[in-house]
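Please open the model in your viewer and follow the selections below in order.

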2 protein chains.
Amino acid sequence: MKNLKGRAVFAQSGGPTAVINSSIAGGLIEALKQDAITDVLCSLHGIKGVLTENFVDIGKENMSELYALKHTPASAFGSVRYKLKDRSVDDTDYRRILEVFKKYDVKYFFYNGGNDSMDTCDKISRFMEKEGYPINVIGIPKTIDNDLVGTDHCPGYGSAAKYIATTVSEVRLDAIIYESPLVIVLEIMGRNAGWLTASAKLSEITGYGADLIYLPEIPFSIDKFKADVKRVVDERRVCIVAVSEGIKTANGKYVGEDASQTDVFGHSALGGVCSVLKSAVKSMGIKCKAIELNILQRCATHCASKADIEESFESGRQAVIHAVNGETDKMIAFKRVDGNDYKIECVGLDLSTIANEEKKIPLAWICDDGTNLTDDFVSYALPLIQGEPDIRRENGLTSYAKLKMIPFRL
Amino acid sequence: MKNLKGRAVFAQSGGPTAVINSSIAGGLIEALKQDAITDVLCSLHGIKGVLTENFVDIGKENMSELYALKHTPASAFGSVRYKLKDRSVDDTDYRRILEVFKKYDVKYFFYNGGNDSMDTCDKISRFMEKEGYPINVIGIPKTIDNDLVGTDHCPGYGSAAKYIATTVSEVRLDAIIYESPLVIVLEIMGRNAGWLTASAKLSEITGYGADLIYLPEIPFSIDKFKADVKRVVDERRVCIVAVSEGIKTANGKYVGEDASQTDVFGHSALGGVCSVLKSAVKSMGIKCKAIELNILQRCATHCASKADIEESFESGRQAVIHAVNGETDKMIAFKRVDGNDYKIECVGLDLSTIANEEKKIPLAWICDDGTNLTDDFVSYALPLIQGEPDIRRENGLTSYAKLKMIPFRL
């Protein structure tokens with residue numbers, strides 16, 4: 001909707017990444033410059049901060065600290081895993097959000113998150129439209145999983161991929177020092193899409209790569225795994241395995257499933273794949289170490305990709321520009337520009353086409369009987385891990401953003 | 001012994017570190033410059049390469065690649081866990097080493113490793129002296145554990161400490177985003193000395209530190225641990241626990257002991273402490289994540305301390321200078337120079353005073369009922385994590401040393 005003037009509310013949701021704060025920083029800094037935006041607010045803990053009127057006033061922050069968000073991992077304004085009910089079932093939350101938006105004269109709403117957050121964003125946008133409340137709603141994507149459809153890649157993926165590729169090489173260098181056989185299993189995040197695990201392929205560029213890569217896109221067989229490991233150990237003595245937490249057997253059962261834990265979105269909490277595979281390797285009489293990269297892979301800002309940081313910042317900035325120019329119910333997506341050099345541009349995509357879809361790795365990019373990736377994957381992913389960030393440091397450690405977090409009061 | 005002229009053999013042993021290659025690079029590059037050293041050889045896989053005459057010719061390497069060892073983790077020339085028998089029991093290996101040293105006219109021997117390696121180094125040195133074979137033997141220390149006596153600190157510790165402090169802060173930032181209680185247990189290496197785990201204290205400088213630090217120096221009680229965690233969760237919602245793999249109960253039993261695995265030196269292979277503590281936290285009804293830093297903490301050259309890299313390089317260089325000047329049966333140690341600014345000098349220490357001793361954290365540096373470190377520890381450790389390395393990169397990843405590894409033939 002054109003020519004809206006009023007307050008802007010930003011919020012972050014879902015699991016954090018190394019660069020989700022860079023995205024919101026790009027949005028906040030741009031919003032502070034825009035005449036159409038009278039005040040810039042952040043809702044704390046995602047949509048929950050809207051429901052509870054828990055806002056901080058970004059106008060009172062120091063600009064240098066907003067820029068320091070580019071190198072501060074996780075969600076500076078908190079996160080939430082809160083699923084809005086379908087409004088046909090219960091529209092209480094929607095009515096409350098509308099009430100708060102009216103009370104605070106909110107004309108711009110930016111939601112920074114992954115798949116589930118884009119769904120939330122879409123639902124809010126549609127409700128406001130139905131109620132005739134004028135507001136421009138834009139989603140700012142993030143997810144290390146890289147599984148949002150419609151965008152070339154997702155902010156957060158490049159940094160996680162760089163951390164994983166770096167770690168695989170370091171682990172391989174560590175593993176090869178002895179003369180005895182050794183298998184190291186690295187468990188990497190990714191429930192249904194193997195993008196993160198696939199990034200282990202990039203480590204080959206250093207000369208110290210992974211030997212076997214198991215993705216959720218390909219049905220997993222423990223017998224085949226054991227045969228694969230045996231072949232590699234016989235040939236190369238050391239075998240580095242990169243495995244997705246989300247690998248499934250042919251009948252669809254997660255190899256690492258812990259049925260006792262599911263989150264509020266109904267996703268199983270995975271983990272333990274590397275233990276299962278370690279046991280399998282030990283049963284073959286081969287020494288094995290299992291390393292679960294756990295949350296380290298999503299918060300390692302010290303090893304972030306500069307390309308990712310800058311693109312994330314730009315996606316936040318473009319969200320504001322698109323909104324002020326009258327767009328709504330969109331997510332900012334990256335489009336790769338044709339040409340020899342890597343270049344992306346930001347475009348607005350309809351939220352409804354994105355929410356609750358998952359982009360998997362094209363099967364044509366998976367080779368070697370499901371344990372490796374093609375050069376097409378490398379060409380796709382390599383530009384995303386380029387460049388080292390200029391991190392503000394103090395005493396040998398990162399100097400993170402120091403925000404005042406002053407509550408916004410009407 | 002003064003005025004020796006002949007070949008030099010270097011070897012690496014024990015578990016690797018992020019900077020053990022920087023140490024050996026310093027030694028190799030200095031040795032290539034010395035007139036007293038006719039050829040510079042590296043023995044592959046520690047002392048085993050001497051026993052099997054498995055040497056590479058460092059004179060044939062490119063200087064730029066030797067310098068690139070400063071940023072290449074683990075042991076470029078392989079490692080070994082091989083314990084020389086007491087020579088009074090069986091002197092076969094010693095006689096073989098003497099034979100090889102004579103055959104190759106080896107007049108300088110440099111052994112780059114930790115506690116057990118200094119013991120090996122000492123034994124060889126004494127045997128050669130007894131046999132009247134003229135050779136200068138110098139140990140070049142390394143150990144992330146920081147447990148060698150007689151030296152202010154050990155090459156390798158600073159980089160591991162920087163990785164751990166960085167990781168604790170990143171994990172805390174990740175942990176605090178939700179509004180619900182969460183405990184994260186980080187399991188850190190260190191069998192008997194808590195130096196590595198203590199480095200979690202340094203993360204406080206960023207504003208995102210650990211809440212509870214458990215060291216092997218203090219007897220561990222699971223009941224006290226649960227009470228500590230409850231207090232922190234009640235006060236701060238999130239509790240970050242840094243725990244050493246080597247914590248022991250009051251009766252001396254390792255909390256994470258897996259009695260089925262011991263290495264050739266008779267050390268138990270630990271692991272699993274974080275699982276034990278995670279179960280304890282879950283039994284209290286609090287969500288808990290367990291992260292074992294595993295070998296990541298010892299090979300993360302991408303997060304190395306520049307101070308550590310440069311000091312390690314210097315320790316290798318000084319080993320050669322001390323040897324050429326006639327010293328033998330010594331280990332290069334760091335002495336902290338008195339004054340306001342941090343400065344160290346390299347000195348030669350008798351190997352016999354070092355081998356098989358372990359330096360623990362002074363009890364006066366442990367406070368808060370055994371869960372925290374004093375400012376004295378911070379003053380000691382902080383200089384060791386300073387500075388960022390200038391890493392040679394290619395395609396967004398580290399460009400590791402590319403050695404030719406040409407076998408040395410007489």
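Domain bounds here come from an automatic or database domain assignment. The model is predicted: local features need pLDDT of at least 70, side-chain atom pairs count only at pLDDT 80 or more, and totals for chains, interfaces and linings use all residues. Residues are numbered from 1 along each chain as its sequence is written, and chains are lettered from A and ligands numbered from 1 in the order in which they are written.

**Domains.** Select residues 6-154, 302-357 and 386-398 of chain A for domain 1, then 159-298 for domain 2. Their centres, taken over C-alpha atoms, are 32 Å apart. Between them, 16 residues of domain 1 of chain A contact 15 residues of domain 2 of chain A (contact: C-beta atoms, placed from the backbone, within 7 Å).

**The pair of chains.** Next, display both chains. Chain B superposes on chain A by a rotation of 180 degrees with 0.0 Å of shift along the axis (RMSD 0.0 Å), by least squares on C-alpha atoms of residues with pLDDT of at least 70 in both. That is the relation of a two-fold axis.

**The interface.** Each side is then selected: 46 residues of chain B and 46 residues of chain A form the contact. Helix 6 of chain B gives the largest share of the chain B side, 9 residues (helices are DSSP runs of H or I, at least four residues, numbered from the N terminus). Of the interface residues of chain B, 100% are also interface residues in chain A, so the copies meet through the same surface.

**A final stop.** Select Val243(B); among the residues that it touches, not counting those up to four places away in sequence, are Leu186(B), Tyr214(B) and Cys274(B).

Technical notes: Contact = placed C-beta atoms within 7 Å. Helix = DSSP H or I, 4+ residues; strand = E, 2+ residues; numbered from the N terminus.
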